[in-house]
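Opening the notebook on this one.

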Amino acid sequence: MKLTKALATLMISAAAITSAQAANINFVSGATGNAIANLQEIVKPWEAETGNTVTIVPMPSSTTDQFGQYRLWLAAGNSDIDVYQTDVIWAPQLADNLVDLTEAAADVVGSHFPSIIESQTVNGRLVAMPIFTDAPALYYRTDLLAKYGASVPTTWAELTATAQLVQDGERAAGNADIWGFVWQGNAYEGLTCDALEWVKSHGGGQIVEPDGSISINNANAIAALEQAASWVGTISPEGVLAYQEEEARGVWQTGNAVFMRNWPYAYGLGNGDDSAVKGLFDVAPLPSAGEGTASAATLGGWNVAVSKYSPNQEAAISFAMFMASEAVQKQRALLDSNLPTIISLYDDADIAAQVPIIPRWKEVFLNAVPRPSAPAQQSYNEVSSLFWSAVHDTLSGTGTAAENLENLEADLTDLRGDGWK
Amino acid sequence: MSATTQISAAPRAGKPATSELQRQRVRAAMWFLLPMIMALFVAAGWPLFRTIYFSFTNTSLNDLYGGDWVWFKNYLSVRELPSGRLRWSGTLADPKWWNAVWNTVKFSAVSVTIEAILGLMVALVLNAEFKGRGLVRAAILIPWAIPTIVSAKMWGWMLNDQFGMINDMLLNVGLIEQRIAWTANPDTAMLAVLVVDVWKTTPFMALLCLAGLQMIPRDIYEATKIDGVHPVKVFFKITLPLVRPALMVAIIFRMLDALRIFDLIYVLTPNSSATKTMSIISRENMFDFSNFAYGSAQSTLLFLMIAIFVVLYIWLGKVDLGGKEKN
């Protein structure tokens, strides 16, 4: 009797050990550039240390597509995915399905930027750990600007003029494929980011203000959208209305654009060996509208969150903490030119030497403008979709900026009803 | 087989008292049908019922079991504003919904018409005797065999404004003066979707038409040859009437597919209001905006529209889906 009991205990503990050892973490992540290949490298130390394995499940790079899929999985209580890579704007919408990391992260939260930790805290629960932050840059071709004696533009008007000048000159010289400025004009979350920058840098507010009021229908915002619409077909190809990040980078990295608006990930890739613009470009903060206005960069960034439905929660939390750790953030900075969320890494000597954009980006990121995900709460996606639709309509010539923003204001007012919830 | 004929024969006879053997056969047939009925209920009936149920609640994706019954609020409701103005809300008062309905109808009508005509033409060619016919028949099916997502992505690249080969070819031939952003421009987005859909589904139509063509007895054609009837007359007086039953069934299949078009548009022109269809907009509401109930109401309306269409089509076109004429 005793023997069988002992045997049984032994077997159970053995099973527990093997199951702990054999835990496999399924991690979903959207892919841009080399991110997925680099991730395989990044997770190796954690796999070696804990004996667990990580399966990386790649997703489309469009954050709108990713969100739709994650939403579906989480609503269905899917236990196949343990750890999600989440966009900075998702926390309020997904919070109910995610594990509270406050306790696990108690020792390290202090080293991260407080504003980012705050953005991932919903009703006192820390639902995701930041792994990198994002603020876009204006990429410009140093060789072409020097050739035409132009300086780096600080206002949108300067950018328009310089882009036109270089584009006309290069085309006359036989480069028929060159374009002045490429950006993200497809109707998706990325257009909300681009357009928020135009509007904010024209002094047109940020769609929905932190107090919940709807500010989008104003003269400055109308001027900002009219200007952007004037680029389509002149300094930007008409196809820009279907571009996301990767399409814009495709045109840029083959040497066919003078300026590009994109996130820092394109910096490292642009300096890769297969890039036609290697060593021929630099980055600057996005332009402003001139006197009395300031440059605006939309705050992006990614986090890792543990699903409430994960059967391996302990391992999953350990993995999430590993992904947010200083060592990994440094590695990502060097590999993918991702901006760290840990303050001390901005003074890191290796990063400063290899990816000089990062220390320079601290200021840009500290002044970045958040999308209205906090005031709009559960309705953020609908707010964003209404906004990007109004912008996309304006850019493609369906209605004027004034008409579309007036309609947008009415739609947002309907959506808000008695108050955002 | 004999059991089912017995069932349909029994009521026609009009005699409630049939032989014990016959009743036994009917009972046996019921037992054989039961698994199929169960499978249909689980796979089609239950989800349909749930969707209709959700459409009368205010369920959100965050809490699928916490919705309250709200009657027709998701379909149509009216509220008097403090100013005295009446405000209509709900799907039936939503301009985005009617835009999607119009897009779907436009897409279905144009794509199915073109596919039916092209499919019949291809089938006529394949029905003729020529060398290598087997190979051509197999080759023509390739577009149908490629998964829609893959072909949509492939066409997305081919239609790209900067490095797409279609723009390159048209430029070289001199048909266009500058590259056109086919999928981005609202004027050409629907055209791009139609071209890809026609490319993809014409083989399917051709295959169904070919099956119909091969049912036509050869001797009719031999007789027309002897009488010296003009080939065009042969087509309109003999081939078309005889292939009509097969063609009508092919069109109904395609129409059902076209009315619920989703994958091609979702990949090729996502979020373009020029191509958003009923399925696209209902998915968007259900998952992107977590208005699960509102999206369910739109799905239910889509289901109703397809059901009404099928009933009208079968009734007006006297389509013989059950093959009764032959009995």
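Predicted model: local features only at pLDDT ≥ 70, side-chain atom pairs only at ≥ 80, totals over all residues.

What distance separates the centres of domain 1 of chain A and domain 2 of chain A, taken over C-alpha atoms? I get 30 Å between those two centres.

**Domains of chain A.** I checked the bounds next. The assignment puts 2-134 + 301-366 in domain 1 of chain A and 137-298 + 373-416 in domain 2 of chain A.

**Where the domains touch.** I looked up who takes part: 18 residues from domain 1 of chain A and 20 residues from domain 2 of chain A. On the domain 1 side, I find α4, α5 (91-94) and α16 (357-366) of chain A, each supplying at least two residues. α16(A) has the largest share of that side, with 3 residues. Sorting the domain 1 side by class, I have 7 nonpolar, 9 polar and 2 charged residues.

**Chain A against chain B.** How many residues does the contact take from each chain? Chain A gives 22 residues and chain B gives 18 residues. On the chain A side, I see α4 (63-75) and α18 (380-395) each supplying at least two residues. α4(A) gives the most there, with 6 residues. By class, I note 9 nonpolar, 9 polar and 4 charged residues on the side of chain A that touches chain B.

**Cross-check.** α4(A) supplies at least two residues to the domain 1 side that touches domain 2 of chain A, and 6 residues to the side that touches chain B.

Terms used
Residues numbered from 1 in each chain as written. Chains lettered and ligands numbered in written order. Contact = placed C-beta atoms within 7 Å. Helix = DSSP H or I, 4+ residues; strand = E, 2+ residues; numbered from the N terminus. Nonpolar A, V, L, I, M, F, W, Y, C, P; charged D, E, K, R; others polar. Domains from an automatic or database assignment.
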